[in-house]
Amino acid sequence: MNMLKRILKITSLVLGSLVVLVVLFYTKIYISTNNRLNKRYEVTTHALPIQYDSASYELGKRLIVAKGCTDCHGDDLGGKIFIDDPALGLIVASNITYGNGGLASDYDEYDWTLALKHGIRRNMKPLWIMPSHEYTRFSDNEVAAIIAYASRVPTVDRELPRSELGPLGRILTDLGKIALLPAEQIDHKALPVKLVKQEVSVEFGRYLSVACEGCHRADMRGGDPIAPGFPPVANITATGNLGKWTEDQFVTTLRTGLTPEGKQLNPKEMPWTMTKAYTDVELKALYAYLNSL
Ligand code: HEC
Ligand code: HEC
């Protein structure tokens, strides 16, 4: 009987210390992620060549699809819930129209530029998940056209809940397993980005591949899934399946999501709804670049 009591006592001591350790560990993560979420950036941004003419409008209209804005913010840019998972958290892609629940009526070109080029909101705190670390590397002309178009779309009245980070979301952010705050990855003093010549060239392909990096990694060789519940990311260099594909097959894959091997890619995992809006020149340039790796 005495023996049993001692065992029980030791067990509860061990369990108790474990609980204390877990609480301490989580508190540390909670404080350090909170500091990052609430950091105020001291950034000034240069003015972009924004023009409200029909050429910008046409370009912007294509780019909001081709650069993925509609994948997250919805076809009408009225926003939607992007991730809703009790462990990861609730991530809401904001209503970026000027309707109810959307941008303030005085949200101006400067604010748009801060969001797109720096990943920062008006109060100078970092935006969550919004992939500005990619947009910051797009040419100023393209970003200007996106702003010209996106800031004039019909208003959408849609009130959405606030984003909240769940415990797993915090832990993964702390461990650097999810890039929650793109502002941290941006060189905020970078100079304006010039337009790359739009032609079927490795250089233009490299410029476009920024949009693939977030998942396929900088070396385009893919790897672990980008978040729990997603498939591993494919190798899209010449050493992967792509090395066996013709240019036509590559273009078809990125327009239909159907690979030459007969695999139907899920647009929620591999965003071909975005690459579908690429021009022939853009897709061929990407093919040239990826095959050069
Ligand atoms: C991977 C998903 C994703 C993509 C792609 C994306 N966004 Fe976002 N965006 C978000 C999320 C999530 C937020 C809200 C961030 C927050 O509130 O912390 C956001 C916020 C914004 C904001 C800031 C709104 C505010 O309240 O300050 C603007 C402006 C914006 N996005 C424009 C765009 C444009 C334009 C594009 C395309 C070039 C784009 N986004 C692409 C997810 C995305
Ligand atoms: C949001 C993450 C994400 C982005 C952004 C992304 N991909 Fe993918 N891609 C994936 C995943 C995940 C797979 C593997 C899907 C599967 O196995 O079902 C994949 C598969 C592919 C495949 C099929 C490869 C094969 O062997 O079947 C091609 C081709 C491809 N991606 C090209 C691109 C290009 C080009 C870009 C940039 C313009 C890009 N992807 C951007 C996540 C992404």
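In strand β2, G89, I91 and A93 point one way while L90 and V92 point the other way, and all are buried (buried being under 20% relative accessible area, exposed over 50% and partly exposed in between, with a 1.4 Å probe and protein chains only). The model is a predicted one, where local features need pLDDT of at least 70 and side-chain atom pairs count only at pLDDT 80 or more, while totals for chains, interfaces and linings use all residues. Side-chain values rest on heavy atoms, with hydrogens and water left out; residues are numbered from 1 along each chain as its sequence is written, and chains are lettered from A and ligands numbered from 1 in the order in which they are written.

Back to β2. In a regular strand the side chains alternate between the two faces of the sheet. Five of the five residues of β2 (residues 89-93) are buried, so the strand is largely enclosed by the rest of the structure. Helices (H or I, at least four residues) and strands (E, at least two) are DSSP runs, numbered from the N terminus, and two strands pair if DSSP finds at least two bridges between them. Strand β1 (residues 80-85) runs antiparallel to β2, with five bridges joining them, and I81 has V92 as its bridge partner in β2. These two strands make a hairpin with three residues between them. Strand β3 (residues 164-165) also pairs with β2 in the antiparallel sense, over two bridges; here G89 is partnered by L165.

Next comes helix α7 (residues 167-174), whose buried residues are G169, R170, L172 and T173. Their cover includes α1 (2-37) and β3, contact meaning heavy atoms within 4.5 Å. Just after α7, G176 takes a positive phi of about 75°.

Now for ligand 2. Among the 19 residues around ligand 2, the nearest are C212, C215, H216, N241 and M270, where a residue is near if one of its heavy atoms lies within 4 Å. Helix α9 (residues 210-216) gives the largest share of this shell, four residues. By class, the shell holds 13 nonpolar, four polar and two charged residues (Ala, Val, Leu, Ile, Met, Phe, Trp, Tyr, Cys and Pro count as nonpolar, Asp, Glu, Lys and Arg as charged, and the others, Gly among them, as polar). A side-chain N or O atom of H216 is 2.8 Å from a nitrogen atom of ligand 2. On the oxygen side, an oxygen atom of the ligand is 2.8 Å from an N or O atom in the N241 side chain, and an oxygen atom of ligand 2 is 2.9 Å from an N or O atom in the side chain of K263.

Then there are the salt bridges, of which the count comes to 10 (a side-chain nitrogen of Lys or Arg within 4 Å of a carboxyl oxygen of Asp or Glu). R62 forms one with E282, the closest N and O atoms being 2.9 Å apart. R62 lies in helix α2 (residues 54-66) and E282 in helix α12 (residues 280-291), so the pair ties together parts that are 220 residues apart in sequence. R62 is partly exposed, at 22% relative accessible area, whereas E282 is buried, at 1%.

D280 and R255 meet in another salt bridge (2.9 Å, N to O). This pair links D280 in helix α12 to R255 in helix α10 (residues 247-256), 25 residues apart. D280 is partly exposed at 42% relative accessible area, and R255 is also partly exposed, at 27%.

Key: Polar contact = N/O pair within 3.5 Å; in protein donor to acceptor, adjacent residues only side chain to side chain.
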